Amino acid sequence: MRQVPAGGGLFARLRRRARWAGTALAVLTLVGSTALTATGSAAAAPQAWTPKPSPMTTPWTNQVPTDTPLPEYPRPQLTRPDWANLNGIWDFAVTSANAGQPASFTEQIRVPFVAESALSGIQRKITQNDRLWYKRTFTVPSGWNGRRVQLNFGASDWRTTVWVNGQQAGAVHSGGYDAFSYDITGLLNGGTNTVVVSVWDPTETGTQAIGKQRIRDVAPHSGGGILYTAASGIWQTVWLEPTAPAYISRLDLVPDPANSRLKVTVRGSGTSGHQARVTVSSGGTTVGTATGPVGTEFTVPVPNPHLWTADDPFLYDIKADLLSGTTTVDSIGSYTGMRTIGLASVGGVRRPVLNGRFVFQTGTLDQGYWPDGIYTAPSDAALRFDLQKHKDLGFNMVRKHIKVEPQRWFYWADRLGLLVWQDMPSMERTPDAAARTQWEAEYDRIIDQHRSSPSLVVWVDQNEGWGQYDQARIADEVKAYDPSRLVDNMSGINCCGAVDGGNGDLLDHHVYVGPGTTVPSATRAAVLGEFGGLGFKVAGHEWYPGGGFSYEDQPDIAHLDNRFVGLLDAIREVRMPRGLSASVYTEITDVENEANGLLTYDRQVVKVDEARVRAANRALIEASQGSTTPVTLPTGYRSLRVTTTGYTDRYARHRDGALYTEVVNAGSDALLKNDATWRIVPGLADTSCYSFESRNYPGEYLRHRDFRVHKEAGSTDLFRADATFCPVRGANGAVRLSAYNYPEQYLRHYNAELWLATPGGTHAWDNPALFTEDTTWSVEAAWAP
């Protein structure tokens with residue numbers, strides 16, 4: 001367990017270590033030097049505003065500028081050199097939900113932090129009976145004369161209405177996770193302009209996508225379970241941007257490395273009769289360029305493409321020009337990674353393949369919550385930090401759970417090299433027709449806004465049956481809308497009343513603690529969409545001291561390390577060879593009263609041994625690159641010999657129904673030799689594993705029950721599972737025997753008794769001393785053939 005340094009040092013290391021393409025440097029230069037700052041609030045000076053004390057302080061809490069929070073350009077895949085950041089201090093008021101604009105704004109809020117957060121300066125509960133009001137002034141820079149002015153919102157939760165100088169700017173926007181914009185040129189007055197924003201957010205009392213938000217007291221309190229504080233109002237960057245009358249509004253990039261080309265669709269506004277020119281470059285050198293019609297796909301050559309992977313996240317720079325005849329009327333910067341994601345048969349097993357190659361995807365569940373900003377990270381360095389921690393811990397994937405992050409989060413995933421599974425946030429209940437229309441439309445917009453990110457490889461439609469409906473139809477439609485990615489129709493089809501649509505690319509189970517026994521089908525790869533949940537509370541770093549919970553509390557850090565690494569090892573040794581292709585550990589950080597993070601909620605402490613976890617993850621990834629064929633055993637009569645030094649003359653035998661080890665040699669009596677002989681047969685629960693039938697009691701099998709191992713007969717599904725063991729490779733040709741239904745637990749001799757032992761477990765028979773040696777067995781010729 002160690003303290004985490006503040007963000008600045010991490011960023012310096014990233015710049016030295018990461019592979020930076022030109023666009024990355026351009027974006028960082030842009031936000032550092034040429035981004036314009038809008039004027040402050042008209043009602044009161046920023047100095048009048050102060051933040052509220054945060055329940056927990058992250059390394060970045062006290063580094064957030066008062067009037068220029070999140071100054072970075074917010075849209076890295078569609079960049080322009082001129083823009084004005086409207087983040088900062090806005091006048092603020094709360095009225096009843098049905099009220100009109102208030103006569104006065106008596107408070108101030110720091111945008112883009114939600115009203116429930118400490119960093120906003122408001123920090124109080126917002127309900128369905130409230131309407132939030134924001135107001136500020138700005139002056140359009142004189143250098144923008146003659147151009148259109150776009151007012152952009154990264155995200156605002158949930159129903160947002162915007163007025164400029166008293167006139168409504170376009171339609172009301174409904175959606176909490178997608179960006180939206182208004183052309184406000186015709187509403188400007190040529191001097192000081194006033195923008196007013198109202199937001200109504202019913203959270204779980206409504207029918208919209210909310211993820212894990214729930215209306216509750218913003219002060220830390222006991223309870224809460226796996227649901228967290230609501231996030232109401234503006235929660236991503238607000239900015240102004242000048243454009244030509246005809247301009248590029250979106251750039252869709254689909255890599256096609258097999259054909260050495262990039263498929264591009266340039267979308268725009270006012271672009272009738274225009275052409276688009278797209279140039280791909282690397283390190284300032286052009287590698288390909290092509291011109292095509294706006295709104296229609298065309299291709300750009302990318303010869304000998306350098307493939308994007310998690311270990312080598314190479315990115316090409318993109319420039320897109322909008323042409324009117326031979327005149328360039330608009331230009332934007334972007335980037336792309338050349339990679340493919342799909343399904344293939346690998347050794348007869350259905351698996352996801354990155355660039356045609358199976359790579360086990362090991363990641364964590366990432367809720368994206370912050371104790372100081374709730375939905376909004378306090379800084380770009382903080383946003384990047386969580387992703388860098390995944391890399392530091394050896395993960396190559398992250399599941400963004402029940403939330404959609406700002407585009408800069410995807411930018412860092414693209415740059416650092418993490419495969420992203422993106423959930424569509426769920427609804428609270430089964431939706432009516434209007435709610436379905438809204439949810440699906442918002443999902444489509446989210447796909448559109450992130451479809452060019454190379455890191456994003458899986459769309460997760462629904463989770464554990466929350467607000468579930470039309471699972472198969474939605475999966476088919478998402479696949480048709482974005483055929484370049486995998487689709488998970490339901491994460492956790494085995495959980496909580498979920499209904500499996502039966503289609504999509506992944507067969508996804510949730511198993512706590514796990515890792516369980518998920519197996520692929522003929523058409524879908526097997527993944528563990530959630531597992532783990534190991535908990536440890538760090539004094540001084542709890543959201544509500546004493547209120548934390550987990551799926552399995554650990555007594556100390558040593559047990560946490562051993563238990564977690566044991567789970568990863570079980571996936572590598574047992575489940576991956578038998579068809580598992582990905583796993584998502586719950587979770588990267590504690591969240592409010594969930595104390596099962598690898599880091600504390602305040603990001604101040606890494607709980608686990610970072611080097612050891614990284615080694616376990618890397619071993620899992622590297623094992624998937626070699627042979628994934630399961631270990632086999634000889635069938636027929638055999639005996640199991642202890643391999644622990646000093647005890648190698650002892651064998652597994654049954655006595656009075658229980659299993660022990662005992663010295664067996666040529667002079668032993670016939671009964672002992674019979675008791676120490678087992679017939680190895682295909683597993684009763686899974687024929688890719690094995691069961692061990694007693695030589696002298698046919699029909700009775702070696703079986704674990706309440707951790708102790710017995711010789712018993714039975715016919716239930718539970719018995720068959722308890723009597724099935726899966727071999728994994730041990731040292732010097734020996735094997736370890738993992739319980740089929742508890743893959744992280746192994747057959748162990750302890751004090752001459754046989755037990756099912758757990759790495760990091762808390763029982764006496766889980767003692768870490770000689771754990772591997774005591775769980776390793778040599779399969780020998782039978783004492784009683």
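Colleague: Is Arg703 buried or exposed?

Modeller: This is a predicted model, in which local features need pLDDT of at least 70, side-chain atom pairs count only at pLDDT 80 or more, and totals for chains, interfaces and linings use all residues. Residues are numbered from 1 along each chain as its sequence is written, and side-chain values use heavy atoms, with hydrogens and water left out. Buried means under 20% relative accessible area, exposed over 50%, and partly exposed in between (1.4 Å probe, protein chains only). Because its relative accessible area is 10%, Arg703 is buried.

Colleague: Which residue meets the side chain of Arg703 in a salt bridge?

Modeller: A salt bridge is a side-chain nitrogen of Lys or Arg within 4 Å of a carboxyl oxygen of Asp or Glu. The N to O value for this pair is 2.9 Å, and the partner of Arg703 is Asp722.

Colleague: Where does Lys711, which meets Glu700 in a salt bridge, lie?

Modeller: The side chains of Glu700 and Lys711 meet at 2.5 Å, N to O. The pair links distant parts of the chain, 11 residues apart, with Glu700 in the loop between β43 (690-694) and β44 (701-705). Glu700 is partly exposed at 21%, whereas Lys711 is buried at 9% relative accessibility. Lys711 lies in strand β45 (residues 708-712).

Colleague: What is the relative accessible area of Asp717?

Modeller: Asp717 and Arg720 both lie in helix α10, 3 residues apart, about one turn of the helix. Their side chains form a salt bridge of 2.3 Å, N to O. Arg720 is partly exposed at 28% relative accessibility. Asp717 counts as exposed, because its relative accessible area is 59%.

Colleague: Which strands stand at the edges of the open sheet?

Modeller: The sheet has 8 strands in the order β32-β31-β30-β29-β28-β37-β34-β33, with parallel pairing; two strands pair if DSSP finds at least two bridges between them. Each edge strand has a single partner strand, so one side is left without a neighbour in the sheet; these strands are β32 (486-488) and β33 (506-511).

Colleague: Which residue of β30 is the bridge partner of Lys400?

Modeller: Strand β29 (residues 397-400) and strand β30 (residues 419-423) pair in the parallel sense over 4 bridges. In β30, the partner of Lys400 is Gln422.
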